[in-house]
Amino acid sequence: METVLITGGTGLIGKLLVKALLERGYSVIVLTRTPAKQDSFSTLLSYAAWNIEKNTIDIEAIKKANIIIHLAGASVAEKRWTNKRKQEIIDSRINSSALLVNAIRKYGGNIKAVISASAIGYYGENDFTKTDQNGFVETDLAATDFLGSVCKQWEESIDPVSAFGKRLVKFRIGIVLSNEGGAIKEFNKPLKFGLATILG
């Protein structure tokens with residue numbers, strides 16, 4: 001069975017994805033800043049180090065991988081969007097992709113495909129007042145707001161792997177609702193005060 005290398009594998013989506021891959025018999029390597037602190041609950045699961053700020057990555061993990069799933073990126077829901085936080089959101093995506101791209105270029109001979117996360121924030125708002133707008137399609141241009149710009153830069157940052165002959169898949173994830181964390185935590189906050197608000 002093939003080896004899947006995952007960034008963001010300790011996050012909300014990542015944890016569930018790791019579990020699903022292990023159940024299907026894949027060998028999984030999770031890239032994390034703190035591999036020594038992670039508990040491996042399967043012989044098929046291991047952890048390897050990377051540090052985006054220091055531009056370091058476990059070369060052996062890249063060499064072993066057949067597929068890379070890139071989920072890493074600072075949460076857009078956890079903190080207020082100050083200018084500093086906005087830059088963190090962008091940098092966490094762009095710089096992590098750049099680190100991966102460089103490692104794949106040098107050591108990714110066994111890699112067949114790269115699957116990289118993006119988000120439906122790419123499309124921006126759907127203007128329901130326009131009778132001709134019935135939703136979005138994959139080929140639509142990115143929105144010009146903050147999230148649209150983030151997603152556009154995010155997707156472009158991983159594009160170079162295509163030039164290395166690797167299959168590149170970008171998937172745009174919607175809002176993830178889970179009692180384990182993510183956006184629902186923010187949605188629930190106003191309910192404590194008896195308010196059902198629309199966040200956007």
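In which strand is Ser118 found? Ser118 is part of strand S6, residues 113-119; strands are DSSP runs of E with at least two residues, numbered from the N terminus. The model is predicted: local features need pLDDT of at least 70, side-chain atom pairs count only at pLDDT 80 or more, and totals for chains, interfaces and linings use all residues. Residues are numbered from 1 along each chain as its sequence is written, and side-chain values use heavy atoms, with hydrogens and water left out.

Beyond its neighbours within four places in sequence, the contacts of Ser118 include Cys151, Trp154, Phe171 and Ile173, contact being heavy atoms within 4.5 Å. Glu155 is also in contact with Ser118, and their side chains are joined by a polar contact of 2.8 Å.

Asn55 sits in the loop between strand S3 (45-51) and strand S4 (56-57). With a relative accessible area of 52%, Asn55 is exposed. Its phi is positive, about 60°, although Asn55 is not a glycine. Most residues other than glycine have a negative phi.

The loop between strand S7 (167-173) and strand S8 (177-178) holds Ile175. Ile175 is exposed because its relative accessible area is 59%. The polar contact named above for Ser118 and Glu155 is a pair of N or O atoms within 3.5 Å; within protein, one must be able to donate a hydrogen and the other to accept it, and residues adjacent in sequence count only if both atoms are side-chain atoms.

Technical notes:
Helices (H or I, at least four residues) and strands (E, at least two) are DSSP runs, numbered from the N terminus. Buried means under 20% relative accessible area, exposed over 50%, partly exposed in between (1.4 Å probe, protein chains only).
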